[in-house]
Amino acid sequence: MSNNNVSMRSDLARVRGLGPAHDGVGHWWAQRLTALALVPLILWFVASIASLAGADHATVADWIAQPIPAMLLVLLVVATFHHAQLGLQVVIEDYVHVEALKIALILAVKGLSVLLAVAALFSVLRIFSWAS
Amino acid sequence: MPLAPESPPAPPAQAVRPRPLSPHLQVYRPQLTSVLSITHRATGVALAAGTLLLVWWLVATATGPEQFVTVQAVMGSWLGKLVLLGWTVSLFFHLANGIRHLFWDAGLGFELKTAYASGWVVVAATIVLTVLAWAWGLA
């Protein structure tokens, strides 16, 4: 054993570094990366919808149908729903202590996040297809 | 709520050091730092609910002018504007305080004075950015 402390953990478990939750720092790191990506994306989005306030359907659709707004909207939707799902999972894990309910709620949030993200992405692509 | 950091009271001389406890919320005097912390979580949950508005807006725009007009009418009503105001306040708070968290994640700004100062910067940034966004949108 390379460790002086008496440990129940095998060397393999220590090297893998995944800990008792089996996913290591993956969740934590993904939450930070999506946060970082959302800083410029959300500032761009709020500025864009502020200048589109009160605009009619054709104006908004023409804006979404441009390549750069369409691409940034795709990135915004993906980062937003990934970040929201990760955050809600932590809230559920903190407050729901009935194991079956906790797992059910986490799965429901994951499913709903994917569903809403796909609906939003499909809409952006559909509007984009009108331009070509 | 104290507006500036206080040094913690000295422990009784020969007290046995108790196990750390979560705050008893009934008798807990909130500080700026703890209020901002729970507000970060609350605004995060609110923003997750707010994604429904984003999806509704995109789906309606993709469906056609009639559906789009319905969304515009709801968002333009006083109740819709109130919800959008709550959404912008939540968004700018979560954004500013989230950047504060990213600095902490990098190991910066943990001193008590710095944590209070950055907390007040978050409060100010939330107000300024919300006013700017609405001034822009209504202009």
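## Burial and model basis

Of the 139 residues of chain B, 20% count as buried, a residue being buried if 20 or more other C-beta atoms, placed from the backbone, lie within 10 Å of its own, exposed if 12 or fewer do, and partly exposed in between. For the 132 residues of chain A the buried share is 20%.

The model is predicted: local features need pLDDT of at least 70, side-chain atom pairs count only at pLDDT 80 or more, and totals for chains, interfaces and linings use all residues. Residues are numbered from 1 along each chain as its sequence is written, while chains are lettered from A and ligands numbered from 1 in the order in which they are written.

## Chain B

Chain B holds 4 helices and 0 strands; helices (H or I, at least four residues) and strands (E, at least two) are DSSP runs numbered from the N terminus. Its C-alpha trace spans about 75 × 30 × 30 Å along the principal axes. The radius of gyration of chain B is 21 Å, whereas a compact globule of 139 residues would have one near 14 Å; the radius is taken over C-alpha atoms, and the globule rule is 2.2 Å times the number of residues to the power 0.38.

Two residues are in contact if their C-beta atoms, placed from the backbone, lie within 7 Å. Among contacts in chain B with a separation of 6 or more, 75% are between residues 24 or more positions apart.

## Chain A

The secondary structure of chain A consists of 5 helices and 0 strands. Of its contacts between residues at least 6 apart in sequence, 71% join residues at least 24 apart.

## Interface

In the interface, 26 residues of chain A are in contact with 22 residues of chain B. On the chain B side, two or more residues come from each of helix 1 (32–63), helix 2 (65–76), helix 3 (78–105) and helix 4. Helix 1 of chain B gives the most, with 11 residues. By class, this side has 15 nonpolar, 5 polar and 2 charged residues; Ala, Val, Leu, Ile, Met, Phe, Trp, Tyr, Cys and Pro count as nonpolar, Asp, Glu, Lys and Arg as charged, and the others, Gly among them, as polar.

Between the chains, A:Val46, A:Ala50 and A:Ser51 in helix 2 of chain A meet B:Ala133, B:Trp136 and B:Gly137 in helix 4 of chain B. The residues of this contact comprise 4 nonpolar, 2 polar and no charged.
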